[in-house]
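This report describes a structure for a reader who has not seen it before. Please look at the sequence and the model first, then read on.

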Amino acid sequence: MENSAITVTAQSISKSFGPARILEGISFSLGTGESIAVTGPNGSGKSTLCEILAGIRRPTGGSIEYTLNRQPLCGDGLLHVIGIASPRINPYEALTGMENVEFAARARGIDMSSTLPLFETFGLHRHRGKALRHYSSGMRQRLKLILAVLHHPALLILDEPGSNLDAEGRRQFAAYIDSLRTRTAIIIATNDMEEARLCRGAVSLA
Amino acid sequence: MLNAIISNIVKDFRIEFRSRFAVNIALSFAAITTLAISLTAGGVRLGSQTQAMLFWIILFFSAMNGLAHVFTREEEEGTALFLRVTSPAAAVYTAKLTFNIAVIFIIAAVISPLYVFFLNVDLVAPSAFAAAVCAGSLAIASSATVLAAIVARAGGRGSLFTIISFPVVLPPLWVAIGATRASISGSTSTEGVIFLLAFSGALVAVSYMLFGHIWIEE
(Lines give C-alpha, C1' and ligand atoms only; values in the text may rest on other atoms or scores of the structure.)
Protein backbone atom coordinates (compact mmCIF):
# COMPACT_ATOMS: atom_id res chain seq x y z
CA MET A 1 0.00 0.00 0.00
CA GLU A 2 2.98 2.31 0.35
CA ASN A 3 2.70 3.93 -3.08
CA SER A 4 -1.11 3.99 -3.28
CA ALA A 5 -2.87 7.32 -3.82
CA ILE A 6 -6.05 7.58 -1.82
CA THR A 7 -8.76 10.23 -1.80
CA VAL A 8 -11.52 10.55 0.78
CA THR A 9 -14.52 12.77 0.11
CA ALA A 10 -17.02 13.21 2.94
CA GLN A 11 -20.27 14.95 2.06
CA SER A 12 -22.79 16.23 4.63
CA ILE A 13 -22.06 13.49 7.18
CA SER A 14 -24.57 13.40 10.00
CA LYS A 15 -24.99 11.00 12.90
CA SER A 16 -27.73 10.65 15.48
CA PHE A 17 -28.06 8.34 18.46
CA GLY A 18 -31.79 8.27 19.13
CA PRO A 19 -32.95 11.87 19.50
CA ALA A 20 -29.40 13.18 20.06
CA ARG A 21 -27.77 14.56 16.92
CA ILE A 22 -23.99 14.24 17.30
CA LEU A 23 -22.74 15.23 13.84
CA GLU A 24 -24.39 17.54 11.34
CA GLY A 25 -23.33 18.39 7.78
CA ILE A 26 -19.63 17.49 8.01
CA SER A 27 -17.95 17.81 4.60
CA PHE A 28 -14.29 17.70 3.63
CA SER A 29 -11.92 16.00 1.25
CA LEU A 30 -8.47 14.59 1.81
CA GLY A 31 -5.81 12.95 -0.34
CA THR A 32 -2.43 11.29 -0.02
CA GLY A 33 0.13 13.72 1.39
CA GLU A 34 -2.54 15.74 3.18
CA SER A 35 -3.49 15.78 6.82
CA ILE A 36 -6.45 17.04 8.83
CA ALA A 37 -6.84 17.68 12.55
CA VAL A 38 -10.39 17.09 13.80
CA THR A 39 -10.91 19.23 16.88
CA GLY A 40 -13.85 19.97 19.15
CA PRO A 41 -14.93 19.78 22.77
CA ASN A 42 -15.68 16.49 24.57
CA GLY A 43 -18.85 14.89 23.19
CA SER A 44 -18.66 16.80 19.90
CA GLY A 45 -18.40 13.54 17.91
CA LYS A 46 -14.69 13.29 17.07
CA SER A 47 -14.44 9.58 17.88
CA THR A 48 -17.75 8.86 16.13
CA LEU A 49 -16.52 10.67 13.01
CA CYS A 50 -13.28 8.63 13.09
CA GLU A 51 -15.25 5.37 13.30
CA ILE A 52 -17.53 6.44 10.44
CA LEU A 53 -14.49 7.33 8.31
CA ALA A 54 -12.92 3.95 9.12
CA GLY A 55 -16.07 2.17 7.89
CA ILE A 56 -16.89 0.53 11.25
CA ARG A 57 -19.94 2.67 11.98
CA ARG A 58 -22.70 3.78 9.62
CA PRO A 59 -23.56 7.49 9.30
CA THR A 60 -27.21 8.49 9.66
CA GLY A 61 -26.95 10.76 6.63
CA GLY A 62 -24.45 11.87 3.98
CA SER A 63 -21.86 9.84 2.15
CA ILE A 64 -18.17 9.06 2.06
CA GLU A 65 -16.40 8.13 -1.15
CA TYR A 66 -12.99 6.51 -1.18
CA THR A 67 -10.80 6.02 -4.23
CA LEU A 68 -7.51 4.16 -4.37
CA ASN A 69 -5.40 4.89 -7.45
CA ARG A 70 -8.61 6.45 -8.91
CA GLN A 71 -10.59 3.25 -8.45
CA PRO A 72 -13.63 3.40 -6.12
CA LEU A 73 -13.13 1.50 -2.89
CA CYS A 74 -15.70 0.07 -0.48
CA GLY A 75 -16.56 -2.84 1.80
CA ASP A 76 -13.82 -5.17 2.95
CA GLY A 77 -11.33 -3.39 0.66
CA LEU A 78 -11.25 -0.57 3.21
CA LEU A 79 -9.72 -2.87 5.84
CA HIS A 80 -6.50 -3.08 3.84
CA VAL A 81 -6.06 0.65 3.20
CA ILE A 82 -7.28 2.21 6.45
CA GLY A 83 -5.43 2.10 9.75
CA ILE A 84 -7.11 3.37 12.92
CA ALA A 85 -6.08 3.80 16.55
CA SER A 86 -8.75 4.87 19.01
CA PRO A 87 -9.44 4.63 22.75
CA ARG A 88 -12.41 2.36 21.92
CA ILE A 89 -10.36 -0.08 19.83
CA ASN A 90 -8.73 -2.45 22.29
CA PRO A 91 -6.37 -5.34 21.51
CA TYR A 92 -6.70 -8.67 23.35
CA GLU A 93 -5.67 -8.65 27.04
CA ALA A 94 -4.97 -12.39 27.10
CA LEU A 95 -2.47 -12.14 24.24
CA THR A 96 1.02 -10.64 24.26
CA GLY A 97 1.87 -7.52 22.28
CA MET A 98 3.57 -9.69 19.69
CA GLU A 99 0.60 -12.09 19.44
CA ASN A 100 -1.79 -9.17 18.91
CA VAL A 101 0.42 -7.88 16.09
CA GLU A 102 0.74 -11.41 14.69
CA PHE A 103 -3.07 -11.75 14.68
CA ALA A 104 -3.63 -8.42 12.89
CA ALA A 105 -0.77 -9.03 10.42
CA ARG A 106 -1.95 -12.54 9.52
CA ALA A 107 -5.56 -11.38 9.15
CA ARG A 108 -4.39 -8.76 6.66
CA GLY A 109 -1.98 -11.12 4.88
CA ILE A 110 1.17 -9.23 5.91
CA ASP A 111 4.62 -10.74 6.34
CA MET A 112 5.35 -10.77 10.10
CA SER A 113 9.03 -9.87 9.63
CA SER A 114 8.04 -6.45 8.24
CA THR A 115 6.24 -5.63 11.50
CA LEU A 116 9.21 -6.23 13.85
CA PRO A 117 10.94 -2.85 13.25
CA LEU A 118 7.75 -1.09 14.43
CA PHE A 119 8.35 -2.37 17.98
CA GLU A 120 11.76 -0.60 17.84
CA THR A 121 10.26 2.56 16.34
CA PHE A 122 7.67 2.87 19.09
CA GLY A 123 10.03 1.75 21.89
CA LEU A 124 8.14 -1.44 22.72
CA HIS A 125 10.65 -4.09 21.65
CA ARG A 126 11.55 -5.10 25.23
CA HIS A 127 7.90 -5.67 26.11
CA ARG A 128 6.57 -7.43 23.03
CA GLY A 129 6.48 -10.84 24.78
CA LYS A 130 4.42 -9.59 27.75
CA ALA A 131 0.71 -10.23 28.05
CA LEU A 132 -1.28 -7.04 27.50
CA ARG A 133 -2.78 -7.26 30.98
CA HIS A 134 0.71 -6.42 32.28
CA TYR A 135 1.13 -3.37 30.02
CA SER A 136 0.93 0.18 31.36
CA SER A 137 -1.54 2.55 29.71
CA GLY A 138 1.32 4.19 27.78
CA MET A 139 2.55 0.83 26.50
CA ARG A 140 -0.98 -0.05 25.39
CA GLN A 141 -1.17 3.21 23.46
CA ARG A 142 2.13 2.45 21.74
CA LEU A 143 0.81 -0.98 20.75
CA LYS A 144 -2.40 0.58 19.40
CA LEU A 145 -0.27 2.86 17.19
CA ILE A 146 1.76 -0.13 15.93
CA LEU A 147 -1.47 -2.02 15.13
CA ALA A 148 -2.80 1.01 13.23
CA VAL A 149 0.25 1.36 10.97
CA LEU A 150 1.55 -2.19 10.55
CA HIS A 151 -0.11 -2.69 7.14
CA HIS A 152 1.19 0.67 5.81
CA PRO A 153 -2.32 2.12 5.39
CA ALA A 154 -2.98 4.72 2.74
CA LEU A 155 -5.38 6.47 5.16
CA LEU A 156 -4.35 6.71 8.81
CA ILE A 157 -6.99 7.74 11.36
CA LEU A 158 -5.74 8.50 14.86
CA ASP A 159 -8.12 9.36 17.69
CA GLU A 160 -6.30 10.99 20.64
CA PRO A 161 -3.00 9.36 19.57
CA GLY A 162 -0.87 11.00 22.25
CA SER A 163 -3.05 10.02 25.19
CA ASN A 164 -1.03 8.28 27.94
CA LEU A 165 2.24 8.70 26.04
CA ASP A 166 5.25 10.12 27.85
CA ALA A 167 7.45 12.86 26.33
CA GLU A 168 9.67 10.31 24.57
CA GLY A 169 6.62 8.47 23.21
CA ARG A 170 5.16 11.73 21.85
CA ARG A 171 8.49 12.56 20.20
CA GLN A 172 8.67 9.09 18.59
CA PHE A 173 5.06 9.43 17.44
CA ALA A 174 5.64 12.91 15.91
CA ALA A 175 8.79 11.67 14.13
CA TYR A 176 6.89 8.69 12.74
CA ILE A 177 4.04 10.86 11.46
CA ASP A 178 6.62 13.08 9.71
CA SER A 179 8.13 10.02 8.02
CA LEU A 180 4.69 8.96 6.68
CA ARG A 181 3.48 12.37 5.62
CA THR A 182 4.22 12.26 1.88
CA ARG A 183 2.73 8.80 1.22
CA THR A 184 -0.27 8.76 3.56
CA ALA A 185 -3.48 10.70 4.17
CA ILE A 186 -3.67 11.43 7.89
CA ILE A 187 -6.61 12.34 10.14
CA ILE A 188 -5.91 13.14 13.79
CA ALA A 189 -8.80 13.74 16.19
CA THR A 190 -7.48 15.60 19.20
CA ASN A 191 -7.84 18.42 21.69
CA ASP A 192 -4.09 18.65 22.11
CA MET A 193 -2.79 21.64 20.12
CA GLU A 194 0.65 20.06 19.80
CA GLU A 195 -0.90 17.03 18.04
CA ALA A 196 -3.18 19.23 15.95
CA ARG A 197 -0.11 21.12 14.69
CA LEU A 198 1.16 17.86 13.13
CA CYS A 199 -1.64 18.33 10.57
CA ARG A 200 -1.88 20.97 7.85
CA GLY A 201 -5.67 21.20 7.61
CA ALA A 202 -8.43 21.33 10.22
CA VAL A 203 -12.06 20.38 10.72
CA SER A 204 -13.69 21.89 13.78
CA LEU A 205 -16.71 20.19 15.36
CA ALA A 206 -17.27 23.00 17.87
CA MET B 1 -9.99 -14.10 3.36
CA LEU B 2 -8.45 -17.49 4.20
CA ASN B 3 -5.62 -15.75 6.09
CA ALA B 4 -8.16 -13.79 8.13
CA ILE B 5 -10.17 -16.94 8.94
CA ILE B 6 -7.09 -18.90 10.04
CA SER B 7 -5.79 -15.94 12.03
CA ASN B 8 -9.12 -15.61 13.87
CA ILE B 9 -9.36 -19.34 14.60
CA VAL B 10 -5.80 -19.42 15.99
CA LYS B 11 -6.53 -16.32 18.10
CA ASP B 12 -9.80 -17.72 19.52
CA PHE B 13 -8.23 -21.06 20.45
CA ARG B 14 -5.19 -19.32 21.97
CA ILE B 15 -7.41 -17.15 24.18
CA GLU B 16 -9.63 -20.12 25.10
CA PHE B 17 -6.59 -22.26 25.90
CA ARG B 18 -5.37 -19.56 28.31
CA SER B 19 -8.70 -18.95 30.03
CA ARG B 20 -10.38 -22.34 29.38
CA PHE B 21 -13.64 -20.59 30.16
CA ALA B 22 -16.02 -22.14 27.65
CA VAL B 23 -14.88 -25.76 27.89
CA ASN B 24 -14.24 -25.81 31.67
CA ILE B 25 -17.64 -24.40 32.62
CA ALA B 26 -19.44 -26.66 30.13
CA LEU B 27 -17.65 -29.84 31.22
CA SER B 28 -18.14 -29.10 34.92
CA PHE B 29 -21.86 -28.50 34.37
CA ALA B 30 -22.18 -31.66 32.25
CA ALA B 31 -20.36 -33.87 34.76
CA ILE B 32 -22.37 -32.59 37.74
CA THR B 33 -25.71 -32.91 35.92
CA THR B 34 -24.93 -36.43 34.65
CA LEU B 35 -23.93 -37.56 38.14
CA ALA B 36 -27.00 -35.93 39.68
CA ILE B 37 -29.33 -37.72 37.23
CA SER B 38 -27.50 -41.00 37.74
CA LEU B 39 -27.80 -40.74 41.55
CA THR B 40 -31.45 -39.69 41.32
CA ALA B 41 -32.25 -42.62 39.02
CA GLY B 42 -30.67 -44.88 41.65
CA GLY B 43 -29.58 -47.57 39.19
CA VAL B 44 -33.01 -47.90 37.56
CA ARG B 45 -32.70 -48.22 33.76
CA LEU B 46 -34.71 -45.41 32.14
CA GLY B 47 -36.68 -45.78 28.91
CA SER B 48 -34.98 -44.86 25.61
CA GLN B 49 -37.17 -41.73 25.18
CA THR B 50 -36.24 -40.46 28.67
CA GLN B 51 -32.55 -41.30 28.14
CA ALA B 52 -32.45 -39.40 24.82
CA MET B 53 -34.31 -36.42 26.29
CA LEU B 54 -32.04 -36.12 29.33
CA PHE B 55 -28.92 -36.49 27.17
CA TRP B 56 -29.87 -33.53 24.96
CA ILE B 57 -30.99 -31.39 27.89
CA ILE B 58 -27.54 -31.88 29.47
CA LEU B 59 -25.71 -31.21 26.20
CA PHE B 60 -27.82 -28.14 25.34
CA PHE B 61 -27.51 -26.38 28.70
CA SER B 62 -23.83 -27.34 29.07
CA ALA B 63 -22.92 -25.93 25.70
CA MET B 64 -24.98 -22.73 25.59
CA ASN B 65 -22.87 -20.64 27.95
CA GLY B 66 -19.67 -21.53 26.13
CA LEU B 67 -21.16 -20.99 22.68
CA ALA B 68 -22.38 -17.49 23.58
CA HIS B 69 -19.04 -16.57 25.12
CA VAL B 70 -17.28 -16.46 21.77
CA PHE B 71 -19.09 -13.19 20.90
CA THR B 72 -20.02 -11.78 24.33
CA ARG B 73 -16.33 -11.87 25.30
CA GLU B 74 -15.49 -9.58 22.35
CA GLU B 75 -18.09 -7.02 23.41
CA GLU B 76 -17.40 -7.23 27.17
CA GLU B 77 -13.64 -6.84 26.76
CA GLY B 78 -14.02 -4.08 24.16
CA THR B 79 -12.14 -6.01 21.48
CA ALA B 80 -15.03 -6.19 18.99
CA LEU B 81 -13.95 -2.97 17.25
CA PHE B 82 -10.38 -4.26 16.98
CA LEU B 83 -11.78 -7.35 15.29
CA ARG B 84 -13.90 -5.19 12.97
CA VAL B 85 -10.90 -3.17 11.74
CA THR B 86 -8.70 -6.21 11.16
CA SER B 87 -10.98 -8.88 9.69
CA PRO B 88 -13.82 -9.01 7.16
CA ALA B 89 -17.21 -9.89 8.68
CA ALA B 90 -17.37 -13.18 6.74
CA ALA B 91 -14.02 -14.27 8.15
CA VAL B 92 -15.13 -13.45 11.71
CA TYR B 93 -18.35 -15.46 11.27
CA THR B 94 -16.54 -18.46 9.74
CA ALA B 95 -13.91 -18.49 12.49
CA LYS B 96 -16.46 -18.18 15.32
CA LEU B 97 -18.62 -20.92 13.78
CA THR B 98 -15.58 -23.21 13.52
CA PHE B 99 -14.67 -22.47 17.13
CA ASN B 100 -18.21 -23.19 18.35
CA ILE B 101 -18.41 -26.45 16.40
CA ALA B 102 -15.11 -27.53 17.97
CA VAL B 103 -16.32 -26.57 21.47
CA ILE B 104 -19.63 -28.46 21.21
CA PHE B 105 -17.90 -31.50 19.69
CA ILE B 106 -15.44 -31.59 22.62
CA ILE B 107 -18.34 -31.30 25.08
CA ALA B 108 -20.32 -34.03 23.25
CA ALA B 109 -17.24 -36.28 23.13
CA VAL B 110 -16.86 -36.02 26.92
CA ILE B 111 -20.56 -36.19 27.83
CA SER B 112 -21.49 -39.18 25.63
CA PRO B 113 -19.31 -41.86 27.30
CA LEU B 114 -20.03 -40.40 30.76
CA TYR B 115 -23.75 -40.52 30.08
CA VAL B 116 -23.70 -44.03 28.61
CA PHE B 117 -21.70 -45.30 31.60
CA PHE B 118 -23.53 -43.57 34.46
CA LEU B 119 -27.07 -44.08 33.12
CA ASN B 120 -26.56 -47.67 31.99
CA VAL B 121 -27.53 -46.84 28.42
CA ASP B 122 -27.57 -49.99 26.31
CA LEU B 123 -26.49 -48.74 22.87
CA VAL B 124 -27.82 -51.11 20.21
CA ALA B 125 -26.66 -48.94 17.27
CA PRO B 126 -23.58 -46.98 18.44
CA SER B 127 -22.75 -45.58 14.98
CA ALA B 128 -26.31 -44.24 14.57
CA PHE B 129 -26.02 -42.74 18.08
CA ALA B 130 -22.71 -41.05 17.13
CA ALA B 131 -24.22 -39.71 13.89
CA ALA B 132 -27.24 -38.28 15.76
CA VAL B 133 -24.99 -36.63 18.37
CA CYS B 134 -22.69 -35.13 15.72
CA ALA B 135 -25.53 -33.84 13.52
CA GLY B 136 -27.45 -32.46 16.52
CA SER B 137 -24.34 -30.75 17.88
CA LEU B 138 -23.68 -29.21 14.47
CA ALA B 139 -27.25 -27.86 14.33
CA ILE B 140 -26.96 -26.34 17.82
CA ALA B 141 -23.59 -24.73 17.01
CA SER B 142 -24.96 -23.32 13.72
CA SER B 143 -27.97 -21.76 15.47
CA ALA B 144 -26.01 -20.57 18.48
CA THR B 145 -23.26 -18.75 16.59
CA VAL B 146 -25.42 -16.18 14.82
CA LEU B 147 -27.72 -15.80 17.84
CA ALA B 148 -24.67 -15.18 20.06
CA ALA B 149 -23.61 -12.37 17.71
CA ILE B 150 -27.08 -10.77 17.90
CA VAL B 151 -27.24 -11.06 21.70
CA ALA B 152 -23.69 -9.71 22.13
CA ARG B 153 -24.40 -6.73 19.84
CA ALA B 154 -27.55 -6.01 21.87
CA GLY B 155 -25.42 -5.94 25.05
CA GLY B 156 -26.91 -9.18 26.36
CA ARG B 157 -25.33 -11.84 28.57
CA GLY B 158 -25.29 -15.63 28.51
CA SER B 159 -28.55 -16.06 30.41
CA LEU B 160 -30.44 -13.95 27.86
CA PHE B 161 -28.80 -15.97 25.09
CA THR B 162 -30.16 -19.31 26.34
CA ILE B 163 -33.70 -17.88 26.49
CA ILE B 164 -33.55 -16.21 23.06
CA SER B 165 -32.00 -19.19 21.34
CA PHE B 166 -34.43 -21.76 22.71
CA PRO B 167 -37.22 -21.28 20.07
CA VAL B 168 -34.65 -21.51 17.26
CA VAL B 169 -32.89 -24.54 18.70
CA LEU B 170 -36.12 -26.33 19.63
CA PRO B 171 -36.84 -27.94 16.19
CA PRO B 172 -33.35 -29.47 15.76
CA LEU B 173 -33.32 -30.43 19.44
CA TRP B 174 -36.61 -32.24 18.98
CA VAL B 175 -35.34 -34.10 15.91
CA ALA B 176 -32.02 -34.89 17.63
CA ILE B 177 -33.90 -36.41 20.60
CA GLY B 178 -35.93 -38.55 18.17
CA ALA B 179 -32.82 -39.70 16.27
CA THR B 180 -30.98 -40.48 19.53
CA ARG B 181 -33.98 -42.43 20.90
CA ALA B 182 -34.13 -44.43 17.66
CA SER B 183 -30.41 -45.20 17.84
CA ILE B 184 -30.70 -46.36 21.48
CA SER B 185 -33.60 -48.63 20.40
CA GLY B 186 -31.49 -50.09 17.58
CA SER B 187 -32.91 -48.24 14.55
CA THR B 188 -30.40 -47.10 11.90
CA SER B 189 -32.81 -44.71 10.15
CA THR B 190 -30.97 -41.64 8.80
CA GLU B 191 -33.98 -39.32 8.34
CA GLY B 192 -33.32 -37.34 11.52
CA VAL B 193 -29.61 -36.97 10.77
CA ILE B 194 -30.35 -35.74 7.23
CA PHE B 195 -32.83 -33.17 8.59
CA LEU B 196 -30.26 -31.92 11.11
CA LEU B 197 -27.54 -31.58 8.46
CA ALA B 198 -29.95 -29.75 6.10
CA PHE B 199 -31.06 -27.46 8.95
CA SER B 200 -27.42 -26.63 9.74
CA GLY B 201 -26.59 -25.98 6.08
CA ALA B 202 -29.55 -23.65 5.59
CA LEU B 203 -28.90 -21.75 8.81
CA VAL B 204 -25.19 -21.31 8.07
CA ALA B 205 -25.96 -20.02 4.55
CA VAL B 206 -28.49 -17.44 5.81
CA SER B 207 -26.24 -16.43 8.73
CA TYR B 208 -23.26 -15.97 6.40
CA MET B 209 -25.27 -13.61 4.21
CA LEU B 210 -26.75 -11.59 7.09
CA PHE B 211 -23.76 -11.44 9.39
CA GLY B 212 -22.35 -8.22 7.88
CA HIS B 213 -25.52 -6.36 8.89
CA ILE B 214 -25.32 -7.67 12.46
CA TRP B 215 -21.61 -6.95 12.77
CA ILE B 216 -21.28 -3.29 11.65
CA GLU B 217 -22.34 -0.71 14.27
CA GLU B 218 -25.24 1.63 13.63
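In chain A, four strands form an open sheet in the order β2-β1-β4-β5, with antiparallel pairing. Two strands pair if DSSP finds at least two bridges between them. Helices (H or I, at least four residues) and strands (E, at least two) are DSSP runs, numbered from the N terminus. The edges of this sheet are β2 (20–31) and β5 (71–73) of chain A, each pairing on one side only. On average, neighbouring strands here are turned by 25 degrees against each other, direction ignored. Axes are lines fitted to C-alpha atoms, for helices over the stretch in contact, and angles run from 0 to 180 degrees between N-to-C directions.

The model is predicted: local features need pLDDT of at least 70 and side-chain atom pairs count only at pLDDT 80 or more, while totals for chains, interfaces and linings use all residues. Residues are numbered from 1 along each chain as its sequence is written, and chains are lettered from A and ligands numbered from 1 in the order in which they are written.

**Strand pairing in chain A**

A second open sheet of chain A has five strands in the order β6-β7-β8-β3-β9, and its pairing is parallel. Its edge strands are β6 and β9 (201–204) of chain A, each of which pairs on one side only. Neighbouring strands of this sheet are turned by 15 degrees against each other on average, direction ignored.

| Strand pair | Sense | Bridges |
|---|---|---|
| β1(A) (residues 6–17) and β4(A) (residues 61–68) | antiparallel | seven bridges |
| β6(A) and β7(A) (residues 155–159) | parallel | four bridges |
| β3(A) (residues 35–39) and β9(A) | parallel | four bridges |

A:Q11 stands opposite A:S63 in β4(A).

A residue is buried if 20 or more other C-beta atoms lie within 10 Å of its own, exposed if 12 or fewer, and partly exposed in between, with C-beta atoms placed from the backbone.

**Helices against the parallel sheet**

Helix α1(A) (residues 46–53) is largely enclosed by the rest of the structure, because eight of its eight residues are buried. Among them are the charged residues A:K46 and A:E51. Ala, Val, Leu, Ile, Met, Phe, Trp, Tyr, Cys and Pro count as nonpolar, Asp, Glu, Lys and Arg as charged, and the others, Gly among them, as polar. α1(A) lies across β3, β6, β7 and β8 (185–189) of chain A, running at about 155 degrees to β8(A). Just after α1(A), A:G55 takes a positive phi of about 80 degrees. Helix α5 (residues 137–149) of chain A lies across β6 and β7 of chain A, at about 170 degrees to β6(A).

**Two loop residues with positive phi**

Most residues other than glycine have a negative phi. A:N69 has a positive phi, near 50 degrees, and lies in the loop between β4 and β5 of chain A. A:N69 counts as exposed, because it has 12 C-beta neighbours inside 10 Å. A:N164 has a positive phi near 70 degrees and sits in the loop between β7 and α6 (167–180) of chain A. With 15 C-beta neighbours inside 10 Å, A:N164 counts as partly exposed.

**Where the chains meet**

22 residues of chain A are in contact with 23 residues of chain B. Two residues are in contact if their C-beta atoms, placed from the backbone, lie within 7 Å. Helix α3 (residues 97–107) of chain A gives the most to the side of chain A that touches chain B, with five residues. By class, that side has 12 nonpolar, two polar and eight charged residues.

The axes of α3(A) and helix α1 (residues 2–19) of chain B come within 7 Å and cross at roughly 155 degrees. α3(A) is therefore roughly antiparallel to α1(B), a term for angles over 145 degrees. The residues making this contact include A:F103 and A:R106 of α3(A) and B:I6 and B:K11 of α1(B). They divide into four nonpolar, three polar and four charged.

How values were computed
Parallel < 35°, antiparallel > 145°, perpendicular 65-115°, else oblique.
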